[in-house]
Amino acid sequence: MGNRLTRLYTRRGDKGTTGLANGNRVAKTHPRIEALGEVDELNSLIGLLLADLPEGDALQPALLKIQNELFDLGGELAVADPHYTVIDAAVLEALEEQLDLLNETLPPLKEFILPGGNRPAAEAHLARSVCRRAERRMVELAASETVNPLSIAYLNRLSDLLFVYARLLARRNDGSEVLWQPRGRQTQSTSKSTTTDEDPTAQP
């Protein structure tokens, strides 16, 4: 593979436009660029989560796969050609299978939970919220331009998967999820996990 970048700056974007992979230039505030930026931010947050996991963690391969898929999704956005798609039904089905498998290891969610519990869990929640924002930007773009509908569905499922990751991570090492306490209600603030041994991603 040849060098993709020979110089880090071109000065072509100094007046508020940027280039797409198809050669067209659009405003940096264009809905397509907004969507690209959200996907990029999401990918960066997943990279941060990966960096905070111990070496050899069971979630690392899945998170790295997601990072590559998000780069593929960004490529779809950058090419801006309705005939160019990378996210397909197989990618979406694989995500759904993982979501179903991991969710079965968790106890039913009877209360709303707050983002937190430990640093990796909080990072997974942050990635989840940015994933929702990326999905909204994609939907906004789809109102005016052709967008791969499976890419929108992918972000929707990914936000759910990141929520499950956050729950799993919060329960590691005898940890707890942080429960929402509505004003005036006296309840315990955490829910201890009793299913750590059933969690395939739990650390020894």
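**Entry 1: Asn 148**

I started at Asn 148, which is in contact (heavy atoms within 4.5 Å) with Glu 76, Thr 85 and Ile 87, leaving aside its neighbours within four places in sequence. Before going on, I noted that this is a predicted model, where local features need pLDDT of at least 70, side-chain atom pairs count only at pLDDT 80 or more, and totals for chains, interfaces and linings use all residues. Residues are numbered from 1 along each chain as its sequence is written, and side-chain values use heavy atoms, with hydrogens and water left out.

Where does Asn 148 sit? I found Asn 148 in the loop between α4 (119-142) and α5. I took helices (H or I, at least four residues) and strands (E, at least two) as DSSP runs, numbered from the N terminus. Is Asn 148 buried or exposed? Asn 148 counts as buried because its relative accessibility is 13%; the rule is under 20% relative accessible area for buried, over 50% for exposed, and partly exposed in between (1.4 Å probe, protein chains only). I also saw that its side chain reaches the backbone oxygen of Ile 87 at 2.9 Å.

**Entry 2: the whole chain**

I counted up the elements: the chain has five helices and five strands, in the order β-β-α-α-α-β-α-α-β-β along the sequence. Of the 204 residues, 39% are buried. I also looked at contacts between residues at least 6 apart in sequence, and 68% of them join residues at least 24 apart.

I zoomed in on Leu 158: not counting residues up to four places away in sequence, Leu 158 touches Leu 42, Ile 66, Leu 70, Leu 95 and Cys 131.

**Entry 3: salt bridges**

Side chains of opposite charge can pair when their charged atoms come close. My rule for a salt bridge was a side-chain nitrogen of Lys or Arg within 4 Å of a carboxyl oxygen of Asp or Glu, and the count comes to 13.

I looked at Arg 137 and Glu 38, which meet in a salt bridge at 3.8 Å, N to O. This pair links distant parts of the chain, with Arg 137 in helix α4 and Glu 38 in helix α1, 99 residues apart. Arg 137 is partly exposed at 25% relative accessibility, while Glu 38 is buried at 8%.

I then found Asp 160 and Arg 132 in a salt bridge at 3.3 Å, N to O. Asp 160 lies in helix α5 and Arg 132 in helix α4, so the pair ties together parts that are 28 residues apart in sequence.

Arg 119 and Glu 123 meet in a salt bridge too, at 3.1 Å, N to O. These two are four residues apart in helix α4, so about one helical turn separates them.

Conventions
A polar contact is a pair of N or O atoms within 3.5 Å; within protein, one must be able to donate a hydrogen and the other to accept it, and residues adjacent in sequence count only if both atoms are side-chain atoms.
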